[in-house]
Number of protein chains: 4
Amino acid sequence: MSEIPGLDGVLGVEHVELTADKVVARFTIGDQHLQPFGIPHGGIYCSVHESTASVAGQIWLGTKGVVVGTNNSTDFLRQAKVGDTITTTATPIHRGRSQQLWHLDSHDQDGRLVAQGQVRLANLDRELPAEAVAQFTGVPVP
Amino acid sequence: MSEIPGLDGVLGVEHVELTADKVVARFTIGDQHLQPFGIPHGGIYCSVHESTASVAGQIWLGTKGVVVGTNNSTDFLRQAKVGDTITTTATPIHRGRSQQLWHLDSHDQDGRLVAQGQVRLANLDRELPAEAVAQFTGVPVP
Amino acid sequence: MSEIPGLDGVLGVEHVELTADKVVARFTIGDQHLQPFGIPHGGIYCSVHESTASVAGQIWLGTKGVVVGTNNSTDFLRQAKVGDTITTTATPIHRGRSQQLWHLDSHDQDGRLVAQGQVRLANLDRELPAEAVAQFTGVPVP
Amino acid sequence: MSEIPGLDGVLGVEHVELTADKVVARFTIGDQHLQPFGIPHGGIYCSVHESTASVAGQIWLGTKGVVVGTNNSTDFLRQAKVGDTITTTATPIHRGRSQQLWHLDSHDQDGRLVAQGQVRLANLDRELPAEAVAQFTGVPVP
């Protein structure tokens with residue numbers, strides 16, 4: 001089991017690119033991602049979309065507030081299989097004072113779109129220490 | 001770790017009521033459900049909604065086809081905490097020949113609505129053995 | 001053409017019940033609601049859902065702020081026809097300090113669910129004169 | 001009032017680019033698009049998104065079936081005003097045997113994103129005469 005705590009650790013999600021304008025996560029489909037028919041459980045894509053968008057939104061917001069998810073809408077487009085490596089990319093649709101909207105794309109190792117969707121975040125008006133931001137996002141806040 | 005295989009086992013989700021018109025699932029929030037700030041990861045609710053709706057849709061469809069999720073839209077309404085028991089209920093909005101739409105509500109042990117949403121399923125035109133339906137849904141097909 | 005200004009007038013939408021917990025609107029499908037195949041244009045249901053939820057949210061918020069729509073997700077479940085009378089009901093899912101989420105159901109005259117969905121509103125922090133609220137909602141603010 | 005019948009005519013929507021991979025529509029915001037506060041009614045964007053995606057999906061499908069909308073999810077990102085010209089572009093996310101998913105972007109004359117969303121279509125298995133496709137889409141089917 002991963003050193004990463006919480007759900008991302010359980011799912012084996014790693015963030016491989018971390019900027020304010022784009023965050024990329026990656027994971028490999030294993031037995032813990034399946035539903036009873038032995039195919040990937042849709043909740044996997046929702047979960048990775050949620051954390052990738054949240055990290056992206058928090059990097060952008062920095063210490064000025066705390067992001068929390070308010071809606072996650074994910075479309076399942078193609079069935080992946082155990083062993084496939086999924087790359088999830090978050091890009092901004094809208095970043096406002098009180099809300100953010102991020103687009104998410106999940107492709108397999110052959111570049112096929114497996115899932116896509118969007119995550120809506122609320123920016124809570126609560127100052128956050130730079131260390132907390134760094135811990136959440138994996139990016140040191142300068 | 002649970003005897004239940006796959007993601008539902010990892011997340012500790014149990015289905016406590018299983019009928020063609022209503023499926024109820026339950027889980028208790030633990031460390032494996034958190035995001036890095038130590039609060040429940042939104043993907044948890046998406047995942048439970050996805051499996052609860054899928055089981056419900058498959059019970060309704062029986063051996064006449066295979067349900068697959070096409071969209072999951074989940075709203076996060078209230079922050080729960082470790083130790084809270086979440087009860088998720090799937091009820092049908094629409095059950096047609098080729099698609100189903102299920103409504104999902106997740107309440108905490110005090111009856112407060114924590115998350116809600118809907119899952120859209122496609123009914124794939126592929127006959128399914130009764131044992132496979134029973135294994136997926138936990139309900140013997142007569 | 002209706003006395004009601006703007007899109008609601010063009011579409012012939014009337015609000016027939018107006019309370020803080022439930023708003024009901026009604027319209028009859030005519031030629032102006034069709035798409036080129038001669039069936040109702042889905043945008044009609046989106047539009048009625050949008051205004052019904054907005055009026056409901058503004059009644060609830062009163063003079064304390066201004067509601068604006070941020071997302072409208074509408075599902076089209078059954079095809080209606082010219083002459084059908086559609087009744088749209090808005091009920092609250094969540095009403096918070098900064099956001100509201102309303103559920104919408106549209107039934108035909110025989111009680112069949114034709115469309116359903118939800119509208120998300122932001123509560124803008126801008127005081128509104130009681131007369132403006134009354135003009136928007138059709139309900140005098142006491 | 002426009003020569004275009006139905007809702008698109010009422011709203012003054014014109015399709016200015018029509019291909020199987022991209023459809024572009026345009027309209028200018030007028031009094032008939034407003035809600036009671038005098039700002040554009042969100043249902044306008046939903047409606048234009050709906051017809052733009054439907055035309056695009058029907059061009060792609062041709063005579064092999066009939067598209068009908070099953071879901072429209074639209075996000076309102078920026079407030080436009082009377083006189084603004086809105087350009088709506090539909091591009092495909094997914095085009096499968098039984099369903100299509102289209103992305104929609106609506107920009108104002110200064111290139112600012114005003115609304116965005118997606119429309120899900122079902123491909124009904126019903127042969128359509130080439131003339132009906134041409135009439136619906138505005139594109140002669142070869």
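## Relation of chains A and B

Chain B is superposed on chain A by a rotation of 180 degrees with 0.0 Å of shift along its axis, and the RMSD is 0.0 Å. This is the relation of a two-fold axis. Within chain B, Ser73(B) has the C-alpha nearest the axis, at 2.0 Å. Both copies use the same surface, since 100% of the contact residues of chain B recur in chain A. The model described here is a predicted one.

## The contact between chains A and B

To this contact chain B gives 29 residues and chain A gives 30 residues. On the side of chain B that touches chain A, the elements that supply two or more residues are α1 (6-11), α2, β3 and α3 (130-137) of chain B. By residue class, that side of chain B divides into 9 nonpolar, 17 polar and 3 charged.

Strand β3 is one of these elements, and it also pairs across the two chains. Strand β3 (residues 66-76) of chain A and strand β3 (residues 66-76) of chain B are joined in the antiparallel sense over 5 bridges.

An open sheet is formed by 12 strands, with antiparallel pairing. Its order is β1(A)-β2(A)-β4(A)-β5(A)-β6(A)-β3(A)-β3(B)-β6(B)-β5(B)-β4(B)-β2(B)-β1(B). At the edges stand β1 (14-18) of chain A and β1 (14-18) of chain B; each has a single partner strand, so one side of each has no neighbour in the sheet. On average, and with direction ignored, neighbouring strands of this sheet are turned by 25 degrees against each other.

Within chain A, strand β2 (residues 23-28) and strand β4 (residues 85-95) run antiparallel and are joined by 6 bridges. Ala25(A) has Thr88(A) as its bridge partner in β4(A). On to the next strand in the order, 8 bridges join β4(A) to strand β5 (residues 99-107) of chain A, again antiparallel. There Thr91(A) is the bridge partner of His103(A) in β5(A). β4(A) and β5(A) form a hairpin, with 3 residues between them.

## Helix α2 of chain B

Helix α2 (residues 42-61) of chain B lies across strands of both chains. From chain A the strand is β3; from chain B they are β1, β2 (23-28), β3, β4 (85-95), β5 (99-107) and β6 (113-124). The helix runs at about 145 degrees to β3(B). Helix α2 of chain B is also among the elements that give two or more residues to the side of chain B that touches chain A.

## The contact between chains A and C

In this contact, 4 residues of chain A meet 4 residues of chain C. The residues on the chain A side divide into 1 nonpolar, 3 polar and no charged.

Chain A can be laid on chain C by a turn of 180 degrees and a shift of 0.0 Å along the axis, with an RMSD of 0.0 Å. Of the residues of chain A, Ser98(A) comes closest to this rotation axis, its C-alpha being at 4.4 Å. Here too the same surface serves both copies, as 100% of the contact residues of chain A recur in chain C.

## Nonpolar cores

The largest nonpolar core has 70 residues, and those with the most contacts inside it are Ala56(C) and Ala56(D). Residues up to four places away in sequence not counted, Ala56(C) touches Val23(C), Ala90(C) and Trp102(C). Another core lies apart from that one and has 68 residues, among them Ala53(A), Cys46(B), Ala56(B) and Ile86(B).

## Surroundings of Val114(D)

Val114(D) is placed in strand β6 (residues 113-124) of chain D. Val114(D) counts as buried because 20 C-beta neighbours lie inside 10 Å, and 20 or more are needed for that class. Apart from its neighbours within four places in sequence, Val114(D) is in contact with Leu77(D), Arg78(D), Ala80(D), Ile86(D), Ser106(D), His107(D) and Asp108(D). Asp75(D) and Val114(D) are 39 residues apart in sequence, and their C-alpha atoms are 8.7 Å apart in space.

Conventions: Residues are numbered from 1 along each chain as its sequence is written. Chains are lettered from A and ligands numbered from 1 in the order in which they are written. This is a predicted model: local features need pLDDT of at least 70, side-chain atom pairs count only at pLDDT 80 or more; totals for chains, interfaces and linings use all residues. Two residues are in contact if their C-beta atoms, placed from the backbone, lie within 7 Å. Ala, Val, Leu, Ile, Met, Phe, Trp, Tyr, Cys and Pro count as nonpolar, Asp, Glu, Lys and Arg as charged, and the others, Gly among them, as polar. Copies are superposed by least squares on the C-alpha atoms of residues with pLDDT of at least 70 in both. Two strands pair if DSSP finds at least two bridges between them. Helices (H or I, at least four residues) and strands (E, at least two) are DSSP runs, numbered from the N terminus. Axes are lines fitted to C-alpha atoms, for helices over the stretch in contact, and angles run from 0 to 180 degrees between N-to-C directions. A nonpolar core is a set of buried Ala, Val, Leu, Ile, Met, Phe, Trp, Tyr and Cys residues joined through C-beta atoms within 7 Å. A residue is buried if 20 or more other C-beta atoms lie within 10 Å of its own, exposed if 12 or fewer, and partly exposed in between; C-beta atoms are placed from the backbone.
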